[in-house]
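Here's a quick look at charged side chains and how they pair up. Have the model open while you read.

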Amino acid sequence: MSLAKGGSTSKCGDGCRPAPFNGSPKNRRRALLLAAAVPVLFAVSAMLGPSGVGLPDTASVSGRAILDLRLGRFFMGMLVGAALSTSGTVFQAILRNPLAEPYVLGVSGGAGLGAALSILIGGAFIGAIGLPLTAFAFALLTLLLVYAIANQGGVPSVYSLILSGVIVSAICSSVIMFLVSTADIEGMHTVVWWMLGNLQPASWAEQFVSLAFILAAIVGLWLFAPALNVLTLGREMAHYQGLDAGVVTISSLLLSTLLAATAVSMGGMIGFVGLIVPHVMRSIFGPDHRWLIPASAIGGGAFLVLCDALARTLMAPVEIPVGVVTALAGGPFFLIVLRKKMKYAWID
């Protein structure tokens with residue numbers, strides 16, 4: 001698929017061309033440090049849990065089961081965190097607003113409604129692929145509904161999209177509550193625990209299917225990174241660059257929605273990961289999405305694994321849902337970004 005018309009010749013001078021992707025030495029060092037943090041978190045995740053601190057006794061059956069559970073949660077945390085963070089990064093680039101993320105725009109709420117229906121009525125009957133596909137279908141419908149509500153005779157503004165997303169997300173949450181209230185005890189417990197954010201490992205088949213979806217979507221978005229760099233400068237600049245902004249926007253939104261839906265189907269309603277991590281990674285690596293997308297993927301996974309470790313140990317042996325931890329961190333962060341949003345030069 002060609003992203004630009006007329007080749008790479010710029011019509012606006014060299015100043016609007018993305019820099020060559022050879023990376024600064026600082027970014028390369030920071031990327032190595034970020035990558036090195038992953039095995040450290042792997043060790044931390046293997047040693048922390050409600051049953052105590054330290055590696056379980058692998059000589060016993062129960063010890064091996066605990067270790068498998070902890071390692072499975074690390075794998076789940078990396079996948080879900082990477083998906084949410086990358087999705088938030090791209091939403092912020094497309095909408096050119098630091099407040100944009102799947103949870104705020106209602107995409108996570110729509111995916112949650114689809115996943116809840118799938119859990120309660122057995123929608124996963126088509127196998128491991130059923131839950132993420134159902135979540136993706138509802139997330140896509142929610143995104144279309146948000147756009148339709150915000151679109152009043154022209155291109156919708158960023159703030160109308162965010163407001164529409166918040167409203168639609170609230171409606172989806174209300175429908176989920178209705179479904180929970182009419183479900184049996186087992187279904188109610190499953191959905192409520194899942195809604196609060198839960199990284200209990202799913203079946204290996206579901207994890208591998210989700211891994212394939214997430215990796216494919218992240219790679220696809222990274223291929224769009226040069227176009228996203230231009231798109232963040234505005235549609236007029238994209239036009240002068242010969243960029244087909246419509247193709248880039250639609251394709252990126254679809255891939256980002258797939259990421260958010262897969263993350264929700266795996267870990268439930270975990271908010272603010274897609275808001276916090278992209279801001280932190282942008283302050284470290286800069287605005288180039290060729291660096292920002294992979295950095296956000298790794299950073300998002302690391303952040304969620306760390307939050308899950310805290311959730312398991314802060315009130316041990318009682319386990320706090322990881323979504324509660326991310327919400328406690330993300331709420332104040334959202335307010336800070338809201339107060340300082342005018343300091344971002346790339347916001348209209």
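How many salt bridges does a search of the whole structure find? The search turns up 4, counting a salt bridge as a side-chain nitrogen of Lys or Arg within 4 Å of a carboxyl oxygen of Asp or Glu.

Before going on, some housekeeping. This is a predicted model, where local features need pLDDT of at least 70, side-chain atom pairs count only at pLDDT 80 or more, and totals for chains, interfaces and linings use all residues. Residues are numbered from 1 along each chain as its sequence is written, and side-chain values use heavy atoms, with hydrogens and water left out.

Now to a network of salt bridges that links Arg73, Asp308, Arg312 and Glu319. Its pairs include these:

| Pair | Closest N and O atoms |
|---|---|
| Asp308 and Arg73 | 2.6 Å |
| Glu319 and Arg73 | 2.8 Å |
| Arg312 and Asp308 | 3.3 Å |

Helices here are DSSP runs of H or I, at least four residues long, numbered from the N terminus.

Glu319 sits in the loop between H12 and helix H13 (322-340) while Arg73 is in helix H2, so their pairing ties together parts 246 residues apart in sequence. Arg312 and Asp308, on the other hand, both belong to helix H12 and are 4 residues apart, about one turn of the helix.

And burial? Glu319 and Arg73 are both buried, meaning under 20% relative accessible area with a 1.4 Å probe, protein chains only. Asp308 is buried too, at a relative accessible area of 1%, and Arg312 is buried at 2%.

Conventions. Helix = DSSP H or I, 4+ residues; strand = E, 2+ residues; numbered from the N terminus. Buried < 20%, exposed > 50% of the residue type's maximum accessible area, 1.4 Å probe, protein only.
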